Amino acid sequence: MLNRVYNFSSGPAVLPEAVLLKAQEEMLNYCGSGMSVMEMSHRSKVYEEIIYGTEKLFRELMNIPSNYKVLFLQGGASTQFAAIPLNIGNKSGLVDIIGTGMWTNRAEAEARKFCAVNVVATSKDKTFTYIPETKREDFSPNADYVHICWNNTIYGTKYTDIPDVGNVPLVADMSSCILSEKIDVSKFGIIFAGAQKNIGPAGLTVVIIRDDLIGLHRESTPTMLTYEIQAKNDSLYNTPPTYSIYICKLVLEWLKDLGGVEKIQEINERKAKAFYDFLDSSKLFKATVYGKDRSIMNIPFVTGDEELDKKFIAAATEAGFVNLKGHRSVGGMRASIYNAMPEQGVYELVEFMKKFENK
Ligand SMILES: *Cc1c(COP(=O)(O)O)cnc(C)c1O
């Protein structure tokens, strides 16, 4: 037996078992090359097939229009919080942002180093348990871009509609939801995501950027943060995170085999519904987010009693349901049920919670 647990970690997170097994199989000798992907030159023919193949799969699965570039970068989503203003915050120097918790706070703080930032709306008043409504008039018509976080990993909220920002480029942090549901890429200027939630190992950051937003960087932008240089060099200006990109390719192949984004969205919605339905019927556990803004990837919940929360987490860990502790800023519990979390894992966790409640 493999002795694998059900891992509800928010990130780095569970990967499909089939992907890990395939990586194991190819570890010592990738496709007859006689070496591991980790050991090969990023300029070799065999590696080029991996990186270009990964891009092709992204384009196919997300239906990315041809006027967008797909970049494979490093530094995590957090580095993009600085790279974005340095690259596209230089016309009016004004950035609009919708505040939905820690990840937009971090993006805001970083943007303030280079730009003026206007917080258009925030859900701070209710501890970020909802997505603020906005209308086109709320946004600055001359802003260089509008920043949002599509799925808030910590508070468990997600957008259901794309905010109407007029002609201003919309920039979305999709670190914890990329490829979890159908998204119309053409409505965004930039979509970016750290890989370690839904698409692969930490160390890889994916940036999907519309052509016209490339080349707008300020003179002083560090080379490695300059989209134009990364785009011109097909993300091979320096050594990219080669192994993380390879695992990402395996994850995308797994997703494609499964039936693509439409199929995984259906599965994700089923998993989330099962979990929320239980929480809404439970007398012990309560969700912290209500209504349409509930995330289908990250589900925070509480008992209302910290001691009992601790007991539950300990009992769950013992039973093989691990990493259910909530984010340190929220407390309670959180189940992250990304693409790679099997449906069975969610149903078994719900069963376990029912039993815990009855006891
Ligand atoms: C995890 C996460 C980040 C931070 O990602 P790093 O890769 O650690 O920099 C940013 N935004 C969201 C929405 C996240 O979930």
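## Pocket linings

Ala, Val, Leu, Ile, Met, Phe, Trp, Tyr, Cys and Pro count here as nonpolar, Asp, Glu, Lys and Arg as charged, and the others, Gly among them, as polar. With those classes in hand, let's look at this predicted model. The lining of its largest pocket divides into 14 nonpolar, 3 polar and 4 charged residues.

That pocket has a volume of about 370 Å³. Of the 21 residues that line the pocket, Y6, E17, A340, M341 and P342 lie nearest its centre. Two or more lining residues come from each of β1 (6-7), α6 (242-258) and α7 (260-281), and α7 gives the most, with 3 residues.

## The second largest pocket

The second largest pocket holds about 240 Å³ of space. Its lining counts 13 residues, with L61, M62, N63, K182 and I183 nearest the centre. Here the elements giving two or more residues are α2 (45-62) and α7. By class, this lining has 7 nonpolar, 2 polar and 4 charged residues.

## Salt bridges

You will find 24 salt bridges in the whole structure. In one of them, the side chains of E266 and R270 meet at 3.8 Å, N to O. These two residues are 4 apart in helix α7, so about one helical turn separates them. E266 is partly exposed at 40% relative accessible area, and R270 is partly exposed at 37%.

How values were computed: Residues are numbered from 1 along each chain as its sequence is written. This is a predicted model: local features need pLDDT of at least 70, side-chain atom pairs count only at pLDDT 80 or more; totals for chains, interfaces and linings use all residues. Side-chain values use heavy atoms; hydrogens and water are left out. On a 1 Å grid over the protein atoms alone, a cavity is a set of points where a 1.4 Å probe fits but cannot get out, and a pocket is an open set with protein on both sides within 12 Å along at least five of seven lines; lining residues have an atom within 4 Å of a point. Grid points are joined across faces, edges and corners, and a volume is the space filled by probe spheres set on the points. A salt bridge is a side-chain nitrogen of Lys or Arg within 4 Å of a carboxyl oxygen of Asp or Glu. Buried means under 20% relative accessible area, exposed over 50%, partly exposed in between (1.4 Å probe, protein chains only).
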